[in-house]
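Hello,

Here is the structure you asked about. Please open it first; my notes follow below.

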Amino acid sequence: MNKAVKNATTATADIKSGMTLMLGGFGLCGIPENCITALVELGITNLTCISNNAGVDDFGLGLLLQKRQIKKMISSYVGENDEFERQMLSGELEVDLIPQGSLAERCRAGGAGIPAFFTPAGYGTEVGHGKEVRYFNDKPHILEHALTADFAIVKAWKGDTNGNLIFKGTARNFNPMMAMAGKITIAEVEDLVQPGELDPNQIHTPGVFVQRIFQGAKYEKRIEQRTVRTK
Amino acid sequence: MLDKIGIAKRIAQELQSGWYVNLGIGIPTLIANYVPENIDVEFQSENGILGMGPFPFDGEEDADLINAGKQTITAMPGACIFDSATSFAMIRGQHIQLTVLGAMEVADNGDIANWKIPGRMVKGMGGAMDLVASAENIIVAMMHTNKRGKSKLLRQCTLPLTGVQCVKRIVTNMAVLDVTPKGFKLVERAPGVTVEEIKAATEGRLIVEGDVPEMVFN
């Protein structure tokens with residue numbers, strides 16, 4: 001099944017204002033750089049973005065925040081972005097902060113046909129307010145619902161035109177679960193190959209979860225906290 | 001009185017061979033530098049790696065290999081990489097034996113607050129809520145008082161909570177304390193710090209029994 005599309009512009013062309021998007025990545029690691037640029041150019045607004053982080057001021061989702069294209073963010077950690085913090089504290093931006101493990105599992109559940117699940121994370125905190133509590137093994141748990149999105153946009157290292165994906169290093173992070181949870185999933189990859197060129201044993205995300213795939217024109221792969229030791 | 005490195009060195013002595021350990025951002029990250037030589041542990045970073053190694057040498061950084069603090073890292077021989085759902089399955093499923101994290105406040109019943117100052121600072125909880133809700137063994141690494149000299153060991157947290165009744169042990173620049181049903185039990189004093197000084201810097205209930213030994217560094 002050939003799912004290859006030309007580029008980020010064609011892959012994202014039918015994303016509309018007001019839609020809910022999932023975007024893979026942890027910090028700036030493993031983010032779909034080319035699609036984010038295309039979304040900025042597309043100029044759509046009122047987006048709800050589900051992403052672990054919100055980029056930095058001038059890269060990643062920070063680019064969409066600068067242009068006020070995002071109405072609501074669903075994330076677990078949003079430090080390192082002054083514009084984000086300003087929009088949130090002033091009330092311009094709606095923000096739903098949820099525990100990282102719950103975010104990952106909610107995406108996984110959304111893609112796996114599990115409508116909700118109980119987790120201990122957040123019990124007794126403001127995250128648990130208004131949520132059903134049940135005790136299992138004498139421990140309190142809160143009910144968390146699955147997340148899905150109109151589009152999931154993920155980034156992988158290699159992919160084939162069938163949509164099979166292989167990630168590299170910790171750039172994997174949220175990408176596999178989000179790929180599962182999108183009604184339409186767009187994958188951008190550094191290296192797009194023909195079916196048969198990837199070892200089926202090494203596939204991380206099966207192609208069934210991916211509807212569109214293209215090779216990104218370029219990757220900056222910015223490092224957020226370059227930390228080294230001396231010899 | 002200890003500095004941040006001293007706190008990290010003291011917590012490093014708590015490590016036991018065979019443990020998988022999750023280190024939070026800040027002081028906890030330093031602990032990896034002071035693992036005793038005969039102790040075999042693996043570090044987990046919740047963005048998706050077990051067997052995290054030291055920071056890379058200059059010029060060898062890989063943008064695709066970072067820790068949960070977004071710092072460039074290396075992978076030890078035998079490391080493995082996985083997605084975020086698998087990572088938190090390890091955490092929630094109690095496959096990680098020790099969690100060390102920082103805190104803004106800890107209450108004497110084990111409540112912890114470390115993710116939000118309403119109206120002023122909202123960075124988010126990241127993985128902290130999942131970690132503290134599930135970990136069997138949680139050590140908090142922090143300074144005993146805040147920048148204004150106020151105690152961070154309280155009768156009750158004033159900031160939004162990260163987790164309830166979960167902290168087991170606290171290592172500060174002044175002391176090692178265990179959370180017990182009756183409050184903070186003073187276990188050890190930092191070098192040169194008196195029980196009276198610790199009492200004065202602790203707002204929560206403090207239990208002092210007998211002679212409290214000074215920390216010993218190997």
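How many salt bridges does the rule find across the interface of chain B and chain A? Five. A salt bridge here is a side-chain nitrogen of Lys or Arg within 4 Å of a carboxyl oxygen of Asp or Glu.

Ground rules. This is a predicted model, in which local features need pLDDT of at least 70 and side-chain atom pairs count only at pLDDT 80 or more, while totals for chains, interfaces and linings use all residues. Residues are numbered from 1 along each chain as its sequence is written, chains are lettered from A and ligands numbered from 1 in the order in which they are written, and side-chain values use heavy atoms, leaving out hydrogens and water.

The interface

B:Asp62 forms a salt bridge with A:Lys168, with 3.4 Å between the closest N and O atoms. A:Glu126 and B:Lys116 also meet through their side chains in a salt bridge, at 2.7 Å from N to O. A:Glu126 sits in the loop between β5 (116-119) and β6 (133-136) of chain A, and B:Lys116 in strand β8 (residues 116-117) of chain B, so this pair joins two chains. Over all chains, the structure holds 27 salt bridges.

Helices (H or I, at least four residues) and strands (E, at least two) are DSSP runs, numbered from the N terminus.

In contact terms (heavy atoms within 4.5 Å), 49 residues of chain B meet 51 residues of chain A. The two chains bury about 4,200 Å² between them, 60% of it on carbon and sulfur atoms. Buried area is the accessible area (1.4 Å probe) that two parts lose on being put together, summed over both. In chain B, B:Asp64, B:Lys70 and B:Lys123 lose the most area to chain A, together 19% of what that side buries.

The cavities

A cavity is a set of points, on a 1 Å grid over the protein atoms alone, where a 1.4 Å probe fits but cannot get out; lining residues have an atom within 4 Å of a point. Grid points are joined across faces, edges and corners, and a volume is the space filled by probe spheres set on the points.

There are three cavities of 30 Å³ or more.

The pocket

A pocket is an open set of points with protein on both sides within 12 Å along at least five of seven lines. β7 (139-145) of chain A and α4 of chain B each supply at least two lining residues. α4(B) gives the most, with four.

Best wishes
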